[in-house]
Amino acid sequence: MTPYTRSTLPEAWLLKRILFAALLALGIVLYVLEGFFPPLVPVPGAKLGLSNILVLFTMLFLGYSAGISLAIARSILGSFIAGTLLAPGALLSLAGGLVSALVVAVSLKKLHPPLGLVGISILGAIAHNVTQLVVAYVLFVQISGLFYYLPFMLILGLISGLITGLIAVYLFERLGRELGLAYNSDVGAL
Amino acid sequence: MSQRFDALRAFWRTVSRYLTWGDYLVIALVLLGAAATIPLLHETAEASGRWAIVRLDGQIVHQLSLEQDQEVIVTGPAGETVIQVQGGRVRVLRSPGAQEICMRQGWIHKPGQALICLPNHVTVEIPGDSGMDAISR
């Protein structure tokens, strides 16, 4: 077995993994920090979802599957650190994060030319909220009154998606300029 | 024009540069969707506290509307429990058990209240928030 030397080590491979690890760490930090803040609006489960910016970034620069892995790992490790791993909320968060990441991936792939990152962010945030409602209904409380949250969830998803989407676009533009990382819809090529 | 408005306009110029027509479409559709589901919100304010859920061994056996007067009989391990709804309130009319605790509780009508007939494994609860049940993160 040949030892890894500078010439045999695939640099792009390594760079991708280092970047993924750094993004995951950032995502976990954002996820945990966000849980510390008292909710801005008195609706359970309402939060900004800043770590979704990281998911979007990962999908754009490292590919869809990396973004989905990041969403899953961020939920599990984040709730592990926050101490809510086995609480029902962690399961809701995991399901919401996963479905949201899938929606973002699909809309990046199929709808990106007409839709901008802001629109995709909004779709992701709404998918996150609605999934939480559905999972909560299926697993925990079979009371149809839960769906009366729906208009709240839509509006909150709109607001949080708008904010995270705008941050994402601004961030990616700056990053593109400063680091020479050009993001485009041709995903998967770092 | 004051400086404040200039800043606002500059902010909007920056923001609108980031939005495509597809984004505006999504925003409009979501607002429409939220507007369409808002009638549900009214229902919830009314529906909360308007139902009583009857459980036997934790399983829902009846969902009683408090709007209409009615009586249901639930057969549990100790016998028959008779639950009565009248005038927007609910009570246990008859239930087996030596202490008759759930019958002596009388009428309940507020969300969060419950009647519990332990010997017969029957509970009657009015769902609704009397506080927060769980916090999801």
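The expected span of a helix is 1.5 Å times one less than its number of residues. Helices (H or I, at least four residues) and strands (E, at least two) are DSSP runs, numbered from the N terminus.

These views come from a predicted model, where local features need pLDDT of at least 70, side-chain atom pairs count only at pLDDT 80 or more, and totals for chains, interfaces and linings use all residues. Residues are numbered from 1 along each chain as its sequence is written, while chains are lettered from A and ligands numbered from 1 in the order in which they are written.

**View 1. Helix α1 of chain A, from end to end.** This helix covers residues 11-36 of chain A.

**View 2. The buried residues of α1(A) and what covers them.** Look for L23(A), L24(A), G27(A), I28(A), Y31(A) and V32(A), which are buried (20 or more other C-beta atoms within 10 Å of a residue's own, with C-beta atoms placed from the backbone). An α-helix has 3.6 residues a turn, so residues three or four places apart point the same way. The cover over the buried residues of α1(A) includes α2 (51-62) and α3 (64-82) of chain A.

**View 3. I53(A) and its surroundings.** I53(A) sits in helix α2 of chain A. It counts as buried because 24 other C-beta atoms lie within 10 Å. Leaving out residues up to four places away in sequence, I53(A) touches T164(A), I167(A), A168(A) and L171(A); here, contact means C-beta atoms, placed from the backbone, within 7 Å. S121(A) is 68 residues from I53(A) in sequence, yet their C-alpha atoms are 8.3 Å apart.

**View 4. An open sheet in chain B.** Four strands line up in the order β2-β1-β7-β6, with antiparallel pairing (two strands pair if DSSP finds at least two bridges between them). At the edges are β2 (59-65) and β6 (114-117) of chain B, each pairing on one side only.

**View 5. Strand β7(B) and its two partners.** β1 (residues 51-56) and β7 (residues 122-125) of chain B pair in the antiparallel sense over four bridges. Across this pairing, I53(B) has E125(B) as its bridge partner, and L56(B) stands opposite V122(B). β6(B) and β7(B) also run antiparallel, joined by four bridges, with L115(B) partnered by V124(B). Their hairpin has four residues between the strands, and H121(B) takes a positive phi near 60 degrees there.

Notes: Buried ≥ 20, exposed ≤ 12 C-beta atoms within 10 Å, placed from the backbone. Contact = placed C-beta atoms within 7 Å.
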